[in-house]
Amino acid sequence: MTRSSYQRLILDGIKIYEYTPGFIHAKNFVSDDKFAVCGTINLDYRSLVHHYECGIWMYHVECIKDMKEDFEETLKQSGQIDEARAKLKGWERLLAEVMKVFSPLL
């Protein structure tokens, strides 16, 4: 499901990186080196409204610097997805379109 959105995002100027050693489930956000969120929150309707997921919102605290440094180190172990890599094969596109019907339930 996630990869089905890559090409549109890339065409809109979004940079996408995939962590190559494996999978990271962390949800950390840092903005302007002043604000950060760390928690279980996914940025979708279901997570924000129905699941009561939690996160810590931080403002001007020292650990934001550490979070940013950790992100930059993780980015070094990640590969950027370009438009060619983002393009789905025929069967992948078909599967993604079928799965979109079920996405509210996932």
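Biologist: Why is Lys68 called partly exposed?

Modeller: This is a predicted model, and in it Lys68 has a relative accessible area of 30%. Buried means under 20% and exposed means over 50%. The value for Lys68 falls in between, so Lys68 is partly exposed.

Biologist: What makes Asp33 and Lys68 a salt bridge?

Modeller: The closest N and O atoms of Asp33 and Lys68 are 2.9 Å apart. The cut-off is a side-chain nitrogen of Lys or Arg within 4 Å of a carboxyl oxygen of Asp or Glu. The pair meets that cut-off, so it counts as a salt bridge.

Biologist: Why is it said that the pair of Asp33 and Lys68 ties parts of the chain together?

Modeller: Asp33 lies in the loop between β2 (27-31) and β3, while Lys68 lies in helix α3. These parts are 35 residues apart in sequence, so the pair ties them together.

Biologist: How many salt bridges does the whole structure hold?

Modeller: A search finds 3. One of them joins the side chains of Arg8 and Asp12, at 2.8 Å from N to O. Glu73 also forms one with Lys76, where the closest N and O atoms are 2.9 Å apart.

Biologist: Why are Glu73 and Lys76 said to be separated by about one helical turn?

Modeller: Because Glu73 and Lys76 are 3 residues apart in helix α3.

Biologist: How do you know whether Glu73 and Lys76 are buried, partly exposed or exposed?

Modeller: Glu73 has a relative accessible area of 42%. That lies between 20% and 50%, so Glu73 is partly exposed. Lys76 has 62%. Exposed means over 50%, so Lys76 is exposed.

Biologist: Which residues gather in the patch of negative charge on the surface?

Modeller: The patch consists of Glu62, Asp66, Glu69, Asp70 and Glu72. Glu69 lies in helix α3, which covers residues 63-76. Its relative accessible area is 38%. A patch residue needs over 30%, so Glu69 passes that cut-off. The value is also between 20% and 50%, so Glu69 is partly exposed.

Biologist: How many aromatic pairs does the structure hold, and what makes Phe35 and Tyr59 a tilted one?

Modeller: The structure holds 3 aromatic pairs. The rings of Phe35 and Tyr59 are 5.0 Å apart, centre to centre, with 35 degrees between the planes.

Biologist: Why is the pair of Trp57 and Tyr59 called stacked?

Modeller: The ring centres of Trp57 and Tyr59 are 6.0 Å apart and their planes are at 0 degrees. Planes under 30 degrees apart count as stacked, so this pair is stacked. Phe35, Trp57 and Tyr59 form one aromatic cluster.

Biologist: Which of these counts as exposed and which as partly exposed: Phe35, Tyr59 and Trp57?

Modeller: Phe35, at 28% relative accessibility, counts as partly exposed. Tyr59, at 43%, also counts as partly exposed. Trp57 has 57%, which is over 50%, so Trp57 counts as exposed.

Technical notes. Residues numbered from 1 in each chain as written. Predicted model: local features only at pLDDT ≥ 70, side-chain atom pairs only at ≥ 80, totals over all residues. Heavy atoms only, no water. Patch = residues over 30% accessible without salt bridge, like charges linked within 9 Å, V, L, I, M, F, W, Y side chains within 5 Å. Areas by Shrake-Rupley, 256 points an atom, 1.4 Å probe, with all protein chains shown as cover. Lys, Arg positive; Asp, Glu negative; His and termini not counted. Charge placed at Lys NZ, Arg CZ, Asp CG, Glu CD. Helix = DSSP H or I, 4+ residues; strand = E, 2+ residues; numbered from the N terminus. Buried < 20%, exposed > 50% of the residue type's maximum accessible area, 1.4 Å probe, protein only. Phe/Tyr/Trp six-rings, centres within 6.5 Å; stacked < 30°, edge-to-face > 60°.
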